[in-house]
Amino acid sequence: MLLLHGAGGDNFAQLLEEQNAAIRRKRRATAKPLLHQAAQGGHLKIVRLLVERAASAGQDIMVLVNKPDPVKSLTPLHWAAYAGQADMAEYLISLGADVNARTTRPPLHQSPILLALEGRHSETMRILLDHGAILDSPYATDSAFAHAIPKDKELLLREQLLISMFIPSPPTI
C-alpha cells in the first residue's frame with residue numbers, strides 16, 4: 001500500500017486516517033458495554049452509578065439490565081453469572097434482570113444459570129435458582145434429559161461443589 005500511494009504525501013495520510021477511523025468504528029461496534037464489563041468484574045459501585053445516571057436520564061432500567069452485548073448477546077446478568085459475581089447477580093435481579101434470559105448468538109440459548117453451572121459458582125447458582133432460574137438445556141430434545149436434572153436445589157449445589165473439587169474448571173468464554 002505504501003508503494004501504491006507513493007510512501008507518503010496527502011493521499012497516504014488520508015488513507016491512513018480512513019483506516020484508523022474504520023478500526024475505531026469496528027472496535028466501538030464490537031466492544032462490550034461498560035455496564036457488562038462492570039457486572040463481570042463485580043464492580044458494584046460502577047454499576048450503581050451507571051444505573052443512577054441512566055435513571056436520571058429517563059432510561060428504562062429493566063431494558064438497560066436486560067440489554068445483550070453486541071458480540072456474544074450476553075446480558076449483564078449473564079456476565080455476572082459467568083464470573084461468579086453473586087452480589088452483582090443479586091443486585092441486577094433486584095433491578096429486574098431476567099434470570100432466564102437466553103443468548104441469541106453462538107453458543108445459542110445460554111442462560112445465566114448454565115454459565116454459573118459451567119463455572120461452578122455455587123453461590124451465584126443458589127441466587128439464580130432462588131429467583132426462579134430454570135435449570136434446563138435448550139439442546140435437550142430427549143425427554144429422559146428432564147429426569148437427569150436434579151429438582152432439589154440443595155442436592156444440585158452439593159453435587160456441584162463435590163464435582164468442582166475433583167474436576168478442573170472449564171475454559172473461559
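In the predicted model described here, α2 and helix α5 (residues 76-83) pack at an angle of about 25 degrees, and their axes lie 7 Å apart, the axes being lines fitted to C-alpha atoms, for helices over the stretch in contact, with angles running from 0 to 180 degrees between N-to-C directions. That angle makes α2 roughly parallel to α5, a description applied to angles under 35 degrees, while those over 145 count as roughly antiparallel, 65 to 115 as roughly perpendicular and the rest as oblique. On the α2 side, Leu35, His36, Ala39 and Gln40 meet Pro76, Trp79, Ala80, Tyr82 and Ala83 of α5, contact being defined as heavy atoms within 4.5 Å.

As a predicted model, the structure is described with local features that need pLDDT of at least 70 and side-chain atom pairs that count only at pLDDT 80 or more, whereas totals for chains, interfaces and linings use all residues. Residues are numbered from 1 along each chain as its sequence is written, and side-chain values use heavy atoms, with hydrogens and water left out. Helices (H or I, at least four residues) and strands (E, at least two) are DSSP runs, numbered from the N terminus.

Helix α3 (residues 44-56) comprises 13 residues and spans 18 Å from its first C-alpha to its last, close to the 18 Å expected at 1.5 Å a residue, where the expected span is 1.5 Å times one less than the number of residues. Its buried residues are Val47, Val51 and Ala54, and they lie on the same side of α3 because they cover an arc of only 65 degrees around the axis, taken from the directions from the helix axis to the C-beta atoms. On the other side of α3, Lys45, Glu52, Arg53 and Ser56 are exposed; buried means under 20% relative accessible area, exposed over 50% and partly exposed in between (1.4 Å probe, protein chains only). The cover over the buried residues of α3 includes α2 (34-41), α4 (61-65) and α6 (86-94).

In α6, the residues Ala86, Met88, Ala89, Tyr91, Leu92 and Ile93 are buried, and their cover includes α2, α3, α4, α5 and α8 (122-130). Gly96, which follows α6, has a positive phi near 110 degrees.
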